[in-house]
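Please open the structure in a viewer and keep the selection panel at hand.

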Amino acid sequence: MSTTEAPTEIDELRRTVEDLARRLAVTEARHEVRTLHHKYGYYLDKCLYQEVVDLFTRDGEVAFIGGLYRGRAGVERLYLQRFRERFTRGHNGPLPGFLLDHPMLQDVVTVAPDARSAKARIRALMQAGVHHSAPELAGRTSFEQWWEGGVYENTYVVEDGVWKIQKLHYHPFWHADYDKGWARTEPMNHLIPTTTFPDDPLGPDELLPDFAFFPATDVVPFHYPHPVTGQAWA
């Protein structure tokens, strides 16, 4: 081997190692983000709202049914003061007779080149209801038993060495009373906020325009470009 060839081969080997290290970091980050979101779903299933809140960054935010909840205070207002007080009467954890399952499907995770942030699009298909043996929970839900379908478009970052949710944007497309189905269940427009916090003590920090339930068929913008044409859909 000549002295002129050695540096070229070493440089090539170094580039290969660096490329493999980068690809490994991105792959591990994709796994971490996917796992994080599925853990979020499992906590939400069991009404572990404090555990849900602890998954967010200090500047985290949630977009939900036409409202934006900003920062730790906004996230706590939604999950602890609104959801927890309504569904479990302030109790952190499941109550007998209350079903709230959130299967997470079709996740597409896109990791930034530095493997320190990522975006994900994930579908949720929820089954929920109140068992007849728990009459004390009656009136806390819109239906006795129902379905819900929606899409997340989220952002995740590494904070203090741990992957966390920075932006959770959940767009519930439809609700369906179990007896009527989605074809005959009226849109739950009464859930769309019209007043912000603090005028509404449980309201969002900002109203998001143009939110609508099915039969509207709006497309939540994709965070990723088309894999063939490279075009973005927004």
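Begin by selecting F173, W174, H175, W182, T185, E186, P187, M188, F213 and F214, which line the second largest cavity. A cavity is, on a 1 Å grid over the protein atoms alone, a set of points where a 1.4 Å probe fits but cannot get out, and lining residues have an atom within 4 Å of a point. This cavity holds about 60 Å³ of space; a volume is the space filled by probe spheres set on the points, which are joined across faces, edges and corners. Its lining divides into 7 nonpolar, 2 polar and 1 charged residues. Here Ala, Val, Leu, Ile, Met, Phe, Trp, Tyr, Cys and Pro count as nonpolar, Asp, Glu, Lys and Arg as charged, and the others, Gly among them, as polar.

The model is predicted: local features need pLDDT of at least 70, side-chain atom pairs count only at pLDDT 80 or more, and totals for chains, interfaces and linings use all residues. Residues are numbered from 1 along each chain as its sequence is written, and side-chain values use heavy atoms, with hydrogens and water left out.

**The largest cavity**

The count comes to 2 cavities of 30 Å³ or more. Next, select F64, F83, F87, M126 and E148, the closest to the centre of the largest cavity among the 28 residues that line it. The volume of the largest cavity is about 430 Å³. Which element gives the largest share of its lining? That element is α3, with 6 residues. At least two lining residues each come from α1 (5–45), β1, α3 (71–88), β5, β6 and β7. Helices (H or I, at least four residues) and strands (E, at least two) are DSSP runs, numbered from the N terminus. By class, the lining has 21 nonpolar, 4 polar and 3 charged residues.

**The largest pocket**

A pocket is an open set of points with protein on both sides within 12 Å along at least five of seven lines. The largest pocket has a volume of about 450 Å³. Select A63, H169, H171, V220 and P221, the closest to its centre of the 22 lining residues. Then colour β1 (56–64), β2 (67–70), β6 (145–159) and β7 (162–177), the elements that give two or more residues to this lining. Its residues comprise 11 nonpolar, 7 polar and 4 charged.

**The second largest pocket**

Finally, turn to the second largest pocket, with about 150 Å³ of space. Of its 13 lining residues, select Q106, R121, R123, V151 and F222, the closest to the centre. Two or more lining residues come from each of β4 (104–111) and β5 (117–130).
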